[in-house]
Amino acid sequence: MFFKKLEEVPAYYWEEKSYMMIIPKTDKDLLKKTIDNLESTKEIKVLDKKTDIAKQTINFKIKYERCEYEIGMYVGGVSVPDYYLNNLALTDVEKKEILDAKSCLTIYMPFNENPKKCFHLQLKLGLLLVPDLLAVLDESAERVFTRDWVKMEAESKVTPSAKDLFSVQAVSANDGRVWLHTHGLARCGLRELEILDSKGEISRNHYNLINSYAMYLINRDKDEEYVGGDYIGRLINDIPVVATHVPWTVGLKEYKHLKLGGKKDRKNGHNSLSDIIFLYTSEENEQNNVLSKISIYDDLWGDNPLFFFSDEETKRMKSVAIERFNYVKSEFKKLKDKETILLKIGLPLKEKGKFEHIWFELLEFKGTKFKAKLTQEPYYFPDIHTGFESWYTVDDLTDWIIYKEDMTITPDNVYLLDKKKK
């Protein structure tokens, strides 16, 4: 009788559209300033606009990079939860300013078939319309982005990573059980993902699984027909990770004595567009739709389970690494002892357009070239080994990491170097 009463509710407003709260440094005449900034921008063409000063709202149609978008905005209140700011690179002053903020400009829009481009546009709008923004509260993903990150991404020619479009949250029970779930996927035309009944250290691997699966679904070709499971990674002994997801109203039936993430925890949320992740452990099970819980692989994760990046994500990483490579050149000149820079190089395979992406240590620059030393054994190149040195160009690059004494810098957080200089 319990499971017969499970019903999915309609999507919430923050799932139907993407809602971002732009928190300004000063909220005086916020709507007027927004209108002035909107009308003065050259990057975005305004096709139609309706303003209601009394209600502090604006609805408009714009054209951006040959596509049209319907955008809504309004001025309203904001209250940022303190825990949203955990692990963000903020000074005490910046954190206080954000927590003390009382009003914001909310920008909302439906995402089309290219959610990463829509997300990028929303960030651009936030920075264009509120240049003195303190932070962005992404209501749909329940996370905060700092001003420095927003500025870096908004000014980039490359769209943000799929991982920036959602968050993965972990709810813990007294017995150590963990319920992992996403926020932000629904606005992308997908369903939110969950992993139930996780526990302890294993939940870190489960976090990587749900994060990788969400990225895979965002990046997947929308014209590709969905058949069976999704091959998203490998465990020890080359065991494939083939994932699938089913509505929570169906998936809960596989968890008879669930204490966290059950019906009582879904009265005010996680009761709409949300799916529970399961695995197929064999081709036969996949063909017969025999579902297995994530926990079936709990003893097989090993130290380094492999989750795949899509071709689209790999291309994005390469573009960003090249776009921000000047930071590598600059930091290399002032490396200290025990600091190092690693470069991921794409070594071409015999099959045209295919590469093995592998890490090298940067040794020196000479003009437009750089010398690097291989730091690991390649899989497809038996004639070269750890310690192998060669010269490459920036076109060979697919990623990089700068290991400094006090921080680790990647293309996705390189704004921290600029922040440190201030």
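1. Basis of the model. The structure is a predicted model, in which local features need pLDDT of at least 70 and side-chain atom pairs count only at pLDDT 80 or more, while totals for chains, interfaces and linings use all residues. Residues are numbered from 1 along each chain as its sequence is written, and side-chain values use heavy atoms, with hydrogens and water left out.

2. Overall form. The protein has eleven helices and 20 strands, where helices (H or I, at least four residues) and strands (E, at least two) are DSSP runs numbered from the N terminus. Its C-alpha trace spans about 70 × 65 × 40 Å along the principal axes. The radius of gyration, taken over C-alpha atoms, is 23 Å, which agrees with the value near 22 Å that a compact globule of 422 residues would have (the globule rule is 2.2 Å times the number of residues to the power 0.38). Buried residues make up 47% of the 422 residues, and here buried means under 20% relative accessible area, exposed means over 50%, and partly exposed lies in between, with a 1.4 Å probe and protein chains only.

3. Positive patch. Lys-5, Lys-259, Lys-263, Lys-264 and Lys-267 form a positive surface patch. Patches are made of residues with over 30% relative accessible area and no salt bridge, like charges being joined within 9 Å and nonpolar side chains (Val, Leu, Ile, Met, Phe, Trp, Tyr) within 5 Å; a salt bridge is a side-chain nitrogen of Lys or Arg within 4 Å of a carboxyl oxygen of Asp or Glu. Lys-267 lies in the loop between helix 7 (248-251) and strand 13 (274-280), and Lys-267 counts as exposed because its relative accessibility is 65%.

4. Nonpolar patch. Tyr-231, Leu-306 and Phe-308 make a nonpolar surface patch of about 260 Å², an area that comes from the Shrake-Rupley method with a 1.4 Å probe. Tyr-231 lies in strand 11 (residues 230-234) and is partly exposed, with a relative accessible area of 42%.

5. Positive phi values. Most residues other than glycine have a negative phi. Asp-29, however, has a positive phi near 55°; Asp-29 is found in the loop between strand 1 (18-24) and helix 2 (30-40), and is partly exposed at 47% relative accessible area. His-270, which is not a glycine either, has a positive phi of about 55° and is found in the loop between helix 7 and strand 13.

Technical notes
Lys and Arg count as positive and Asp and Glu as negative; His and the chain ends are not counted. The place of a charge is taken as NZ of Lys, CZ of Arg, CG of Asp or CD of Glu.
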